[in-house]
Amino acid sequence: MALLAALVTAAVLPGFTAFAAGPDGGAVLAGTFPGAARPGYVYLPPGYSRTHRYPVVYLLHGMPGSPSEYLDGTNLAPFADAAISSGRLRPFIAVMPAAGVDPKYDGEWAGPWEREVVDDVVPFVDARLATVATPKGRVLAGLSAGGFGAVYIALRHPGLFGAVEAWSGYFHPLRDGPFKDDTNAELRASDPRVLVQSDGAALRRDGTRFFLSSGPYHSHWFKPAETRTFAERLRQLRVPVRTLFTSSLKGEWRTQFDAGLTWALRGQ
């Protein structure tokens with residue numbers, strides 16, 4: 001019955017097919033988004049209907065990596081199905097695009113992959129699914145390099161996303177991917193620590209809010225202290241920010257993922 005529901009649900013999104021079914025009726029669809037070089041995923045909640053409007057969480061994966069890390073590493077479908085069914089979270093759509101031409105891509109969510117999210121994926125999702133097609137209905141989140149990407153893209157496009165989350169992310173551009181040949185001045189222009197200063201007034205005006213979390217070290221590029229420092233910058237700019245810090249590597253992604261989605265989508 002669950003697989004049949006997933007197959008029926010897949011028909012709502014052209015080019016996507018049923019991939020998996022959640023335990024309480026949610027569905028995971030697989031397909032390639034416009035502007036993408038490889039497949040991604042969409043999660044639709046139990047009872048998805050065109051007569052209702054749903055907030056959308058855009059989930060950016062780490063590098064190198066794949067959007068499947070949200071299905072395998074954080075168990076998105078079982079977690080979301082259970083949280084929605086219990087009323088802990090509002091029903092929501094999750095969108096998991098892919099950056100790079102293959103899972104070995106070890107760059108950043110910038111350049112063509114930034115454009116993929118902003119110019120292709122968001123308009124495609126709003127046009128094809130029953131979304132809350134306003135900033136208040138959009139959450140942009142990511143882990144590790146995806147956390148950098150979420151903050152970077154949101155600051156580069158103020159007013160597009162109402163909530164932004166970085167889970168064990170970093171807050172400075174690395175000289176790789178689209179930034180590989182940038183000058184120091186160009187890197188500085190792409191630095192979230194610089195961008196947030198110029199965006200402060202727009203972030204306050206739009207009511208943009210941030211969730212920044214961190215576990216212990218998992219990469220030499222990542223320093224938990226950066227999360228604290230960036231959160232303090234937001235507070236100085238009077239931009240709402242919630243923080244979470246965990247002390248154990250075991251389950252750190254799932255802990256941050258669960259807490260971040262609860263913060264953004266708490267049931268009412």
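Pro64 sits in the loop between strand E4 (56-60) and helix H2 (68-72); helices (H or I, at least four residues) and strands (E, at least two) are DSSP runs, numbered from the N terminus. A cis peptide bond, with omega about -15 degrees, links Met63 to Pro64.

Before going on, note that this is a predicted model, in which local features need pLDDT of at least 70 and side-chain atom pairs count only at pLDDT 80 or more, while totals for chains, interfaces and linings use all residues. Residues are numbered from 1 along each chain as its sequence is written, and side-chain values use heavy atoms, with hydrogens and water left out.

Now look at Ser144, in the loop between E6 and H5. Its phi is near 55 degrees, a positive value in a residue other than glycine.

Side chains of opposite charge can pair when their charged atoms come close. Arg156 forms a salt bridge (a side-chain nitrogen of Lys or Arg within 4 Å of a carboxyl oxygen of Asp or Glu) with Glu114, and their closest N and O atoms are 3.0 Å apart. Because Arg156 belongs to helix H5 (residues 145-156) and Glu114 to helix H4 (residues 112-128), the pair ties together parts 42 residues apart in sequence. The whole structure has 5 salt bridges.

Next come two packed helices. Helix H7 (residues 192-206) and helix H8 (residues 224-236) pack at about 10 degrees, their axes 10 Å apart; axes are lines fitted to C-alpha atoms, for helices over the stretch in contact, and angles run from 0 to 180 degrees between N-to-C directions. H7 and H8 are therefore roughly parallel to each other, a label for angles under 35 degrees, with over 145 counted as roughly antiparallel, 65 to 115 as roughly perpendicular and the rest as oblique. The contact (heavy atoms within 4.5 Å) is made by Pro192, Arg193, Val196 and Gln197 of H7 and by Phe230, Arg233 and Leu234 of H8.
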